[in-house]
Amino acid sequence: MLGNGVVGILSESVNKWERRVPLTPSHCARLLHSGREKTGVARIIVQPSTKRIHHDSLYEDVGCEISDDLSECGLILGIKQPKLDMILPNRAYAFFSHTHKAQKENMPLLDKILTERVSLYDYELIVGDHGRRLLAFGKYAGRAGMIDFLRGLGQRYLGLGYSTPFLSLGASYMYPSLAAAKAAVITVGEEIASQGLPSGICPVVFVFTGSGNVSLGAQEIFKLLPHTFVEPSKLPELFGKGRNVTSKRVYQVYGCIVTSRDMVEHKDPSKKFDKVDYYAHPEHYNPIFHEKIAPYASVIVNCMYWERRFPRLLSTKQIQDLKKKGCPLVGISDITCDIGGSIEFVNQTTSIDSPFFRYDPSTDSYHNDMDGNGIICSAVDILPTEFAKEASQHFGDILSQFVGSLAATSDFTKLPAHLKRACIAHGGALTSLYEYIPRMRNSDTEDISDNLSNGHLNKNKKKKYTVLVSLSGHLFDQFLINEALDIIEAAGGSFQLVKCQVGQSTDAMSYSELEVGADDDEVLDQIIDSLTSIANPSESHGIRNQVMNKISLTVGKLQETGMKNESDPKMKTSVLILGAGRVCQPACELLASIGTGSSRQWYKTCLENDSEEEMEVHVIVASLYLKDAEEIIQGIPNTTAIELDVTDHGALCRYISQVEVVISLLPASCHVAVANVCVELKKHLVTASYVDNAMLMMDEKAKNAGITILGEMGLDPGIDHMMAMKMINEAHLKQGKIKSFTSYCGGIPSPAAANNPLAYKFSWNPAGAIRVGQNPATYKSQGETVHVNGNDLYDSTVKFRIPDLPAFALECFPNRNSLTYGDLYGIGHEASTIFRGTLRYEGFSEIMATLTRIGLFNAETHPLLRHECRPTFSDFLCELLKIDAKDTNEAPVGEKMITERIVELGHCKERGVAVKAAKTILFLGLNEQTEIPVSCQSAFAVTCHRMEERLTYSNTEQDMVLLHHEVEVEFPDSNQTEHHTATLLEFGKAKNGKTVSAMSLTVGVPVAIGALLLLVNKIKTRGVLRPIVPEVYLPALDIVQAYGIKLMEKAE
């Protein structure tokens, strides 16, 4: 298949805004019409796409074939990496893969490439003789980012009370071409030149960081305005002069380009800035940008690459101090989109359709608007696609020059050097230049797949002597990392990758920290000497001494095994969260906050430890779809998003092996498969799901593996267990006997959001919540066992009031088998009443019971819904209520007729309830003259469909969780009885522009706490556990409350 000359073009599926193409129709036309003998391309097959910048018909017009099936293609081209299931075996692929950096989140893609024996060419690695990348979009990012920010600047100034010409600009994607966008900027410039800018905002100074393509693209747009560039040293003079002219308008803007020499100064005043020394030893330099540059900037356009070992451009504390002093900074255009990076307070990405957020330094708060105090910030990570047409043309102009070579070659070794070097994998193996990747991946463990096949996982043997070695330079694009690792291994040493940050362009250096070890200190000295020789090559040895072919070396203090690394006081650990649903975000936020200022107080209070060592938790969020995981971690530090199919056993093993604890938020049916891997790799597991029989059977395996599988660590089950056991055990410690235990829980709308006839809404698919009302129930009341049939559940509902919350008019119905909790809590033999109920607002059950009797929850296929000719909702309602269609006069069935039929058919005895049911039917639109979707084959499906549409929370509405326990304790010795209550009331919250539901919070926080307790070894019991033992529930409840979820306890 390789080399057959058939080229495929993928349909981009990663981001809705991704409209770029690797080859435009004009490129395809040249390749096809010039003939295969000349171009190497025989056919081009294009996957159909309705959002691509060039319509499918344009490709067809030039001779391309349109088909989803690319199986005939030997070479397949894309822009971003495709979904794993789109990768076909024994083909060649070319796209931006981001795999040569050995980044964990991209390793599933590389594994898929190797498994399918794919030849992978990465555009990022196609480098010309001049050492620069041939295929890149940097200038288009700079151009689009600058235009978008000028538009936002106009809106921001208007909010501050100033009208400026910037206000007339649109976003980059709103213009049909780059030329049209530039024309609009020129018009703005002409208006500035003729009418000027308000003196109150002048001088308007744009500070550009970096000198690469991104910065050049941004400056290109800036230069369309009337402008003057000033040297960084002249900024104070310009600022003073501009501010003295308070009554006149200013007819230009100012630009200032800063480099690293303007951002830092040597700690030794006698030494001048030296770029080579700075890259090798950034710790020798102090930041000065906040003192020398930022006080005079109106806008910072951040285009530079940054690594965490360097001082930040601007920290949160620095901007807070600057704004207190009257700094004129209005906004940040972070085109690099380096979240939490060189500009610390830019802590979240933004999108093309919502490109700004506002940071208020005075309150350290974030807002999704342009008005109010603070600084507007933009950090869009897909800017080049805003100029999809021009960016694609530029890209294809270069790619089309050598795509024929890739399409016609089955042996990559015969390709030109610049293409051969870009081939990461071929025939199921990594090519020689990229053999460092598995070494970087497995620097702390042996190859997982090999070890698992032998039934165990062996850790690398720890060497007696270790030393931390920092390498910086062009480690990956010049492949110097290979040379360094060869030296270590050839001498019999070992290495463990501690940190790796890869330069994002050929101009930027990369940085890696390796813990190098050896059993003999002389061998370790030999390794360091050899590494030093490549860090400081001499011409006499014939080694290249150009900057591109050098590395810088920093060697730490020699340590014997077991000594703590004094340079890193925090213990670093990691947690893997499987599943990126609503519960994931609060769990991720809690764990990622460990070691930060926001967690320090409650962490120290609740988890006092003999060790003074602080902990930092890195959270990996895994989802079947990468974008879902990325949305979860947006704005959360210490997190990584990965794409993971848990049915891929190898990939699951690989990621679980990298962490200490796994949290599974997957469907319960997936937990046992995850648990088996955790047992095999000796990793703890936490879930919020019920512990079923299949999980209980894992108990002995977990104990033998020395791990804990902690289940039922959510709200219900979870917090309900913990509150109950705390009350029960405290009573038992006082020699009390539990006479009655009742528990009530419900996830319902807040009173303000209970604005429909049912007073209920769904944050998940309604099917599960509806089935709750169809489950049979069993409980014990005054010594008698009561059984309730599922069909009668709603009719068994009773009113319920909580004295301390008199505003809530509630009702409850029994929740499944309450008797099992008597055994679980150890009170089955002593309590005469054991009841667990589900809470709803009063009136809910009588309406649902009526709807049930009408047949709206019947799950059997309905004859009327079997045919392709679809009935309307009104037709179906008439069928259920036995209303003759002639009686409706083709008008929607009204409340009066529905009410009458409900009563006449005996579905409801009280007319008042029938009216409520009719109002609910109308609210759901079940009387509308619109066709029922084909997917709805039963009354249950029809009702769920309508409920999902009509009973959902808006962006501004809150849900509510209410959990309430009541325990009657009898003290036989004193003949006294005590009434104990414990109540949890939590509302949904808006945080950083995101709404977190109360249900998500009260499930996500406990499951994260379970993982935290295992990380700090507070839970020492091994095997399968529920949170009903003191070592779990006591610290967990403390943290729940310290984290802000309030529990109210009372005894009478």
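## Aromatic pairs

Counting rings of Phe, Tyr and Trp (its six-membered ring) as paired if their centres lie within 6.5 Å, we get 27 aromatic pairs in this predicted model. A pair of aromatic rings is described by the distance of the centres and the angle of the planes. Take Phe-345 and Tyr-359: their rings are stacked, 5.1 Å centre to centre with 15° between the planes (planes under 30 degrees apart are stacked, over 60 edge-to-face, the rest tilted). This pair links distant parts of the chain, 14 residues apart, with Phe-345 in the loop between strand E13 (331-334) and strand E14 (357-360), and Tyr-359 in strand E14 itself. Helices (H or I, at least four residues) and strands (E, at least two) are DSSP runs here, numbered from the N terminus. Phe-345 counts as buried at 0% relative accessibility, and Tyr-359 is buried at 0% too; the cut-offs are under 20% relative accessible area for buried, over 50% for exposed and partly exposed in between, with a 1.4 Å probe and protein chains only.

Then there's Tyr-744 with Phe-835, a tilted pair at 5.9 Å centre to centre and 50° between the planes. Tyr-744 is buried at a relative accessible area of 9%, and Phe-835 is buried at 11%. Elsewhere, Tyr-760, Phe-762, Tyr-794, Phe-813 and Phe-844 come together as one aromatic cluster.

## Around Tyr-121

Tyr-121 sits in strand E6 (residues 119-122) and is buried, its relative accessible area being 4%. Leaving out residues up to four places away in sequence, Tyr-121 touches Ala-92, Tyr-93, Ala-94, Phe-95, Leu-406, Phe-412, Leu-415, Leu-419, Ala-422 and Cys-423, where a contact means heavy atoms within 4.5 Å. Leu-77 is 44 residues away from Tyr-121 in sequence, yet their C-alpha atoms are 9.6 Å apart.

Two packed helices are described by the angle between their axes and the distance between the axes. For helix H28 (residues 844-854) and helix H31 (residues 911-923), that's about 75° and 9 Å, so H28 is roughly perpendicular to H31. On the H28 side the contact uses Glu-846, Ile-847, Thr-850, Leu-851 and Ile-854, and on the H31 side Val-913, Lys-916, Ala-917, Thr-920 and Ile-921. The axes are lines fitted to C-alpha atoms, for helices over the stretch in contact, with angles running from 0 to 180 degrees between N-to-C directions; 65 to 115 degrees is roughly perpendicular, under 35 roughly parallel, over 145 roughly antiparallel and the rest oblique.

Over in helix H22 (residues 671-681), the buried residues include His-671, Val-674, Ala-675, Val-677, Cys-678, Val-679 and Leu-681.

## The whole chain

The chain has 34 helices and 41 strands, and 55% of its 1052 residues count as buried. Among contacts between residues at least 6 apart in sequence, 72% join residues at least 24 apart. The accessible surface is about 44700 Å², with 49% of that belonging to carbon and sulfur atoms (Shrake-Rupley method, 1.4 Å probe; for residues, only the protein chains shown count as cover).

## Ground rules

Residues are numbered from 1 along each chain as its sequence is written, and side-chain values use heavy atoms, with hydrogens and water left out. Since this is a predicted model, local features need pLDDT of at least 70 and side-chain atom pairs count only at pLDDT 80 or more, while totals for chains, interfaces and linings use all residues.
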